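Reader: Hi! Could you walk me through this one before I set anything up?

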Amino acid sequence: MAVSKRILKALNIITTVFVVIAVILAVLLVGVRLVGLQPYTVLSGSMEPTYQTGSLIYVKKVTPEEVKVGQAITFVLNEDLVVATHRVIEIDKENQRFYTKGDANENADGAPVHFNNLIGIPVFSIPYLGYVSTYIQNPPGLYIAIAAGAVLLLPELLNAWKKEPPAVSEIEKHD
């Protein structure tokens, strides 16, 4: 009996750790949107060492007038809605264009970024979290995340199901 209690206690601790990790990941991947930040995964090394491939960057929406030369900006790159983050090297206010360059690139980007394509400025990043984000947003990672969530909730659901409703006499005592 003592062994099974130890096993149950260990399983309870493990489940609690996984729930805490899941909550932290949920806040980092989704909850930040509540404070106005949009997460994006860094897919290339064009901004290394500032933003490493696989990092998750958190972008704050700004107006084009707030952007300064030397700042990194996140923007829509093309008609396919590919998002990129590069550093502003020049601003053409008259034609509403940013000229950008990746930190790791030798040359400036071939096409300027129109002010309308600006998403915002990165405010911080978390290395490697972008890999996790991308994995759980697409199959099979999505299915694994759903299954893991179900496994974490299952013990609580079973406990709630096993509990018997209070007897009528107990309910009457509280009224």
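**Charges, fold and core**

Author: Happy to. This is a predicted model. The protein chain carries 14 positive and 16 negative side chains, with 11 Å between the centres of the two sets.

Reader: Thanks! What order do the elements of the chain run in, from the N terminus on?

Author: The order is α-β-β-β-β-β-β-β-α-α-α. That makes four helices and seven strands.

Reader: And what radius of gyration does the chain have, next to a compact globule of 175 residues?

Author: The protein chain has 24 Å, while a compact globule of 175 residues would be near 16 Å. Along the principal axes, the C-alpha atoms fill a box of roughly 80 × 40 × 25 Å.

Reader: OK, how much of it is buried?

Author: Buried residues account for 24% of the 175. The accessible surface is about 12300 Å², and carbon and sulfur atoms hold 63% of that.

Reader: Which residues make up the largest nonpolar core?

Author: There are eleven: Val 62, Val 67, Ile 73, Phe 75, Ala 84, Val 88, Phe 98, Val 113, Phe 115, Leu 118 and Ile 121. Two or more of them come from each of β3 (72-76), β4 (83-92) and β7 (118-126). Another core, of eight residues, lies apart from it and includes Val 42, Met 47, Ile 57 and Ala 72.

Reader: Nice. What does Leu 118 touch?

Author: Leaving aside residues up to four places away in sequence, Leu 118 touches Val 62, Thr 63, Pro 64, Val 67, Ile 73, Thr 74, Phe 75 and Phe 98.

Reader: Switching to the backbone: where is there a cis peptide bond?

Author: One joins Glu 48 and Pro 49, with omega about 5°. Pro 49 sits in the loop between β1 (37-41) and β2 (56-60). The bond from Pro 139 to Pro 140 is cis too, with omega near 0°, and Pro 140 is in the loop between α2 (129-137) and α3 (141-162). As a rule, most peptide bonds are trans.

Reader: Which residue other than glycine has a positive phi?

Author: Leu 81 is one of them, with phi near 65°. Leu 81 belongs to the loop between β3 and β4. Tyr 128 also has a positive phi, about 70°, and is not a glycine. Tyr 128 lies in the loop between β7 and α2.

Reader: Is Leu 81 buried or exposed?

Author: Leu 81 is exposed, because its relative accessible area is 63% and the cut-off for exposed is over 50%. Tyr 128 is exposed as well, at 54%.

Definitions and conventions: Residues numbered from 1 in each chain as written. Heavy atoms only, no water. Rg over C-alpha atoms; globule rule 2.2 N^0.38 Å. Buried < 20%, exposed > 50% of the residue type's maximum accessible area, 1.4 Å probe, protein only. Areas by Shrake-Rupley, 256 points an atom, 1.4 Å probe, with all protein chains shown as cover. Lys, Arg positive; Asp, Glu negative; His and termini not counted. Charge placed at Lys NZ, Arg CZ, Asp CG, Glu CD. Core = buried A, V, L, I, M, F, W, Y, C linked by side-chain atoms within 4.5 Å. Contact = heavy atoms within 4.5 Å.
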